[in-house]
Amino acid sequence: MAARHVARGALTAVNGTTAVGLLIALVTRSKIRRGRHGVLIAEGYRLKVPPASCFTVGSVILTRRSAEWLLDEQRRDLFDHEHHHAGQYAVLGPLFWPAYWVACGWSYATTGSWGVRNFFERNAGLEAGGYPTDLPLRPWLLKLRGPSATRSKRRPPGNPSPG
Ligand SMILES: [Zn+2]
């Protein structure tokens with residue numbers, strides 16, 4: 001196991017986020033299994049919220065499916081995506097939650113999707129997390145940009161606009 005994976009696991013243990021993940025697993029009666037890279041998988045999560053097939057709290061990936069399903073070679077991208085979130089928890093600790101919700105709010109307000117312009121989801125990989133990789137900005141935001149944005153669009157390429 002690579003040193004950074006060990007460090008990641010240790011950090012999420014110390015900052016308490018993994019304890020919260022384990023607590024959620026306990027309360028929801030999800031079964032804790034060993035994952036990869038020091039990440040635990042809590043399988044058989046049954047609550048309706050959040051609507052995703054899996055989500056990560058500290059170094060615990062909670063999933064509605066089984067650990068085998070998530071560890072399958074076909075789901076390697078998804079696992080890596082969730083593993084990336086564990087790394088974000090290692091850095092931010094409990095601050096991950098408010099920061100993540102602000103990022104969700106920003107993404108939702110600008111695109112109507114929780115993930116597309118969410119820093120944490122972009123950082124973990126949008127496609128691997130099952131998000132569209134890009135969406136048009138909402139009309140209110142385009143309006144905010146003003147008529148200059150529309151004008152610069154019409155400019156032929158190779159004629160860079162100042163500013
Ligand atoms: Zn994600």
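1. Let's start with the strands: S2 (residues 40-43) and S4 (residues 60-63) run parallel and are joined by four bridges. Strands (E, at least two residues) and helices (H or I, at least four) are DSSP runs, numbered from the N terminus. Within this pair, Ile-41 stands opposite Ile-61 in S4.

2. A word on the source: this is a predicted model, where local features need pLDDT of at least 70, side-chain atom pairs count only at pLDDT 80 or more, and totals for chains, interfaces and linings use all residues. Residues are numbered from 1 along each chain as its sequence is written.

3. The open sheet has four strands in the order S1-S2-S4-S3, with mixed pairing (two strands pair if DSSP finds at least two bridges between them). S1 (31-34) and S3 (54-57) are the edge strands, each with a single partner, so one side of each has no neighbour in the sheet.

4. Now the helices. The axes of H1 (residues 3-14) and H4 (residues 76-92) come within 8 Å and cross at roughly 55 degrees; axes are lines fitted to C-alpha atoms, for helices over the stretch in contact, and angles run from 0 to 180 degrees between N-to-C directions. The two helices are therefore oblique to each other (under 35 degrees counts as roughly parallel, over 145 as roughly antiparallel, 65 to 115 as roughly perpendicular, the rest as oblique).

5. The H1-H4 contact is made by Arg-8, Leu-11 and Thr-12 of H1 with Ala-86, Gly-87, Tyr-89 and Ala-90 of H4. Residues are in contact if their C-beta atoms, placed from the backbone, lie within 7 Å.

Note on methods:
Two residues are in contact if their C-beta atoms, placed from the backbone, lie within 7 Å.
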